[in-house]
Amino acid sequence: MQFNILSAVPEFFDTVLDKSILGRARKSGLVTFNILSLRDFAKGKEGGKKQVDDKPFGGGAGMILKIEPIDRALEYLEKKGEKGRVILTSAKGKIWNQKMAAEWAAKSEEEYKWVTIICGHYEGVDERVKELIDEEISIGQFVLTGGEVASLVMMDSATRLLEGVLGNKESLAEESHGRELGEVEYPQWTQPREYKGMGVPEILLSGDHGRIREWRRARHKN
C-alpha cells in the first residue's frame, strides 16, 4: 500500500513515519509513504520561495491553498500510475472511523493500493480542487492548522490493520471499535499487582481463562 501525501509543510513528516508501528511497516515494505512538497509543483521565481497559497477572492481572513500546485502534483502521480484514490482532508468531509480504516486495509491491493491525501489548509483550499478528488474526509468536528495531522491519523489507523503489520492478530479482534463502532475494549491491568493501595480484580489473577473471557466480554462498553 502506498500513501502519497501532498503538503505545504512536508518536513512535518520527517521523523514520525519512521517510528513505532508505521516505521516497522515501512521498513518491512508493507507500506510506502511518499511525501510530496506542493512547493515543488508551484510557480515562482527561480531560486525564490514558490507560493502555494494566496488571499481569497472577495476578501476575508487567512490564505487559501491554490489549485495549480495541487493539480500539477496529481498529474505527476497520474503519469507514474500511482495516483490512486484521491482524498482531501476537510472539515466538511465524512468523519473518519474504524470501518473506513478497515476498508482501506482490506482493499490495499485493489482500490486503495495507492491513496493520495491532499493536506488541507485551516482556511481552506480553492473550491475547484474538489473537481480533482474522490472524497473529502474529516477526523472530527474541530479545526486543525492543516491536514497533516489528519493524514497521520488515517495512515496510522489503516496501516496497523494491514496483514503482517501487527504480530498478534488477536489484538485486532479485541480492540476498541473492532467489532462495532462505539464499542470500547475492556479495562486491563499489568504489574505491579498493587500500587499505592490500588489493586487488580481478583478474577484476573485466578488463572481461570473461561471466567476471565466472560468477565471481559461483559465489560466491553458501547
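Trainee: How many aromatic pairs does the structure hold?

Mentor: This predicted model holds 7 aromatic pairs.

Trainee: Why is the pair of phenylalanine 3 and tryptophan 104 called tilted?

Mentor: The ring centres of phenylalanine 3 and tryptophan 104 are 6.3 Å apart, and a pair requires centres within 6.5 Å. Their planes stand at 35 degrees. Stacked applies under 30 degrees and edge-to-face over 60, so the pair is tilted.

Trainee: What makes this a link between distant parts of the chain?

Mentor: Phenylalanine 3 belongs to strand E1 and tryptophan 104 to helix H3, which spans residues 98–106; the two are 101 residues apart.

Trainee: Why is the pair of tryptophan 104 and tyrosine 112 called stacked?

Mentor: The planes of tryptophan 104 and tyrosine 112 are 25 degrees apart, with 5.4 Å centre to centre.

Trainee: Which residues do ring pairs link into a cluster?

Mentor: The cluster consists of Phe3, Phe33, Trp96, Trp104 and Tyr112.

Trainee: Why is valine 9 called partly exposed?

Mentor: Valine 9 lies in the loop between strand E1 (2–7) and helix H1 (20–27). Its relative accessibility is 34%, which falls between the limits of 20% for buried and 50% for exposed; valine 9 is therefore partly exposed. Together with Phe12, Val149 and Val153, Val9 forms a nonpolar surface patch with about 270 Å² of accessible area.

Technical notes: Residues numbered from 1 in each chain as written. Predicted model: local features only at pLDDT ≥ 70, side-chain atom pairs only at ≥ 80, totals over all residues. Heavy atoms only, no water. Patch = residues over 30% accessible without salt bridge, like charges linked within 9 Å, V, L, I, M, F, W, Y side chains within 5 Å. Areas by Shrake-Rupley, 256 points an atom, 1.4 Å probe, with all protein chains shown as cover. Salt bridge = Lys/Arg side-chain N within 4 Å of Asp/Glu carboxyl O. Helix = DSSP H or I, 4+ residues; strand = E, 2+ residues; numbered from the N terminus. Buried < 20%, exposed > 50% of the residue type's maximum accessible area, 1.4 Å probe, protein only. Phe/Tyr/Trp six-rings, centres within 6.5 Å; stacked < 30°, edge-to-face > 60°.
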